[in-house]
Amino acid sequence: MADVKSKILVVEDDLDVAEMLNAYFRVQGYEVFTVNWGEDGVRACQTINPNLVVLDIRLPDIDGYEVARRLRTDRRTQDVPIIFLTEKRDRMDRLHGLELGADDYITKPFDVQELRLRVRNALRRASQGSLNNPVSGLPDGALVDEKLNEMIKKSSKWSLLLVSIINLDIFRDAYGFVASDDVLRAISLMVHNAMREGGDSDDFAGHLTPTDFVLMVSPGKLSALQARVSTRLEQSLDYFYPIKDRDQASKSKNRLIIKVVEVPSETGGFNDVDTLKKELLRLIR
């Protein structure tokens, strides 16, 4: 058993069910917390930082849908897996729960063994998802290193396109984390779409840093991709600012800027990922 136990928060107003789940999951090796009211569930999730929430829908104060909505709109809890556990069986109830970002939906009476497996699977998916940037959803860290390492070892030629968002920290200071996350998310989507339009299954996009992207494509597609990415991103930058600030922002030296750098296949000669990444960051800065 791992030294660090996964934490499960159970939000359930039926005291018998809450106690049964508490005892059962503790035996399975989890650290379990239980609350019986929706408001308490929101507060507990913010303070306990659970790895997963098992959430009833019918609660004495706010319902489980409202709890899920608040968790998904709070930066501290937006990525916590949620499994609804409820008597509501209608298809529309299930769809509503999934629309709110729930990872699973189990109706009562339930098979506790099935719930255990669904909890295990949700936790596994969440741990795998941590290899992606939580805002953009693009590969990060070890996944990018693995792809770069594969590229170094390939005998065939390769090409990279580097994309950097400059002054995002200044933008964040002025407009807040939500607005800066929206910028990162939108730019990531535009990069992804630009690659998909002219790419194939071997192409790859990921993060070198939270604001620096690396795109891997075949040499013949590099110039066309560079033109698509540069045009679309540069045209979008003004729209990230509130209308009242756009004129002033366009003249500011601290405005959002997109830098795009081609790294042709002839640049090769790297023996390890760390050396390659240092060179890529030098080129984009």
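The legends below accompany an overall view and several close-up views of a predicted model.

**Figure 1. Overall view of the predicted chain.** In this predicted model, local features need pLDDT of at least 70 and side-chain atom pairs count only at pLDDT 80 or more, whereas totals for chains, interfaces and linings use all residues. Residues are numbered from 1 along each chain as its sequence is written, and side-chain values use heavy atoms, with hydrogens and water left out. The secondary structure comes to 11 helices and nine strands, where helices (H or I, at least four residues) and strands (E, at least two) are DSSP runs numbered from the N terminus. Taken along the principal axes, the box filled by the C-alpha atoms is roughly 65 × 50 × 35 Å. Of the 285 residues in the chain, 44% are buried; buried means under 20% relative accessible area, exposed over 50%, and partly exposed in between (1.4 Å probe, protein chains only). Among contacts between residues at least 6 apart in sequence, 68% join residues at least 24 apart, a contact being heavy atoms within 4.5 Å.

**Figure 2. The second largest pocket and its lining.** About 240 Å³ of space lies in this pocket, and of the 15 residues that line it, the closest to its centre are Lys154, Trp158, Asp202, Met216 and Val217. The elements that give two or more residues to the lining are α6 (142-153) and β8 (212-217), and the largest share, three residues, comes from α6. On a 1 Å grid over the protein atoms alone, a pocket is an open set of points where a 1.4 Å probe fits, with protein on both sides within 12 Å along at least five of seven lines, and lining residues have an atom within 4 Å of a point. Grid points are joined across faces, edges and corners, and the volume is the space filled by probe spheres set on the points.

**Figure 3. Asp272 and Lys153.** Asp272 is found in the loop between β9 (257-263) and α11 (273-284), and its relative accessibility of 33% is why Asp272 counts as partly exposed. Although Asp272 and Lys153 are 119 residues apart along the chain, their C-alpha atoms are separated by 9.3 Å.

**Figure 4. Thr209 in strand β7.** Thr209 belongs to β7, which covers residues 204-209, and Thr209 counts as buried because its relative accessible area is 16%. When its neighbours within four places in sequence are left aside, Thr209 is in contact with Leu281 and Arg285.

Figure 5. Most residues other than glycine have a negative phi, and most peptide bonds are trans. Lys108 and Pro109 are joined by a cis peptide bond with omega of about -5°, and Pro109 is found in the loop between β5 (104-107) and α5 (112-129). Asn49, in the loop between α2 (38-48) and β3 (52-55), is a residue other than glycine with a positive phi, near 55°; Asn49 counts as partly exposed because its relative accessibility is 43%. Asn167, which is not a glycine, likewise has a positive phi, of about 75°, and its place is in the loop between β6 (159-166) and α7 (168-175). Asn167 counts as buried because its relative accessibility is 16%.
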